[in-house]
Structure formats: structure tokens, C-alpha cells
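Work through the following exercises with the sequence and the coordinates at hand. Each task is followed by a solution that goes step by step.

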Amino acid sequence: MRIRLDRTLCDGFGYCAKHAPEYFSLDDWGYASLTGDGAVAEADEHDVLRALLDCPVHAIIEITEDGDPV
């Protein structure tokens, strides 16, 4: 699984960092940043998928191997 974060959509709800803190960090204002290159280990896919599905503004996007959104 591979993801990207559209920071222009982020409204700072923080669900991503709650569900997958090893992949998302929050700045001083609560806005998310992606930690790493977006590659998700198979063991962490459930947590990252939960973060993706819980994001109210859909700022987390799963991408295919060729870079297209799923």
C-alpha cells in the first residue's frame, strides 16, 4: 500500500495521527504531515486504512504503484 497526503485539504482533525502515528505527525496547529515516503508496511495497512477512512476531508489518498489515485 502507498499513500499521499494532500496538505491543502487538511483541516487539522488529527484522526490520522491518532490511528497511524508512525505515518502522520501534527504540527503546532494540528495540521498533518506525512512521515516517510508514503510506503506502508503490510502490518500497518489496517491502521493507515482506518486513518484514510476516518479523515473527514479525504486528505489521505491511496495511490497505485504507477502513482495514480485508487
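A residue counts as buried under 20% relative accessible area, as exposed over 50%, and as partly exposed in between, with a 1.4 Å probe and protein chains only. The model is predicted, so that local features need pLDDT of at least 70 and side-chain atom pairs count only at pLDDT 80 or more, while totals for chains, interfaces and linings use all residues. Residues are numbered from 1 along each chain as its sequence is written, and side-chain values use heavy atoms, with hydrogens and water left out.

**Exercise 1. Describe the fold and the overall dimensions of the protein chain.**

Step 1. Helices (H or I, at least four residues) and strands (E, at least two) are DSSP runs numbered from the N terminus, and the protein chain has two helices and four strands. Along the sequence these elements follow the pattern β-α-β-β-α-β.

Step 2. The radius of gyration, taken over C-alpha atoms, is compared with the globule rule, 2.2 Å times the number of residues to the power 0.38. The protein chain has a radius of gyration of 11 Å, close to the 11 Å that the rule gives for 70 residues, so it is as compact as a globular protein of that length.

Step 3. With contact meaning heavy atoms within 4.5 Å, residues 24 or more positions apart account for 59% of the contacts with a separation of 6 or more. Of the 70 residues, 31% count as buried.

**Exercise 2. Classify the aromatic pair and the accessibility of its two members.**

Step 1. Rings of Phe, Tyr and Trp (its six-membered ring) pair if their centres lie within 6.5 Å, and planes under 30 degrees apart count as stacked, over 60 as edge-to-face and the rest as tilted. The structure holds one such pair: the ring centres of F13 and Y15 are 6.1 Å apart and the planes lie at 10°, so the pair is stacked.

Step 2. F13 is partly exposed because its relative accessibility is 48%, and Y15, at 35%, is also partly exposed.

**Exercise 3. Find the salt bridges and place each in the chain.**

Step 1. A salt bridge requires a side-chain nitrogen of Lys or Arg within 4 Å of a carboxyl oxygen of Asp or Glu, and the count by this rule is two.

Step 2. D37 and R2 form a salt bridge with an N to O distance of 4.0 Å. This pair links distant parts of the chain, 35 residues apart, with D37 in the loop between strand 3 (32-34) and helix 2 (45-54) and R2 in strand 1 (residues 2-5). D37 counts as exposed at 55% relative accessibility, whereas R2 is partly exposed at 32%.

Step 3. In the bridge between D54 and R50, the closest N and O atoms are 2.8 Å apart. D54 and R50 are four residues apart in helix 2 and therefore separated by about one helical turn.
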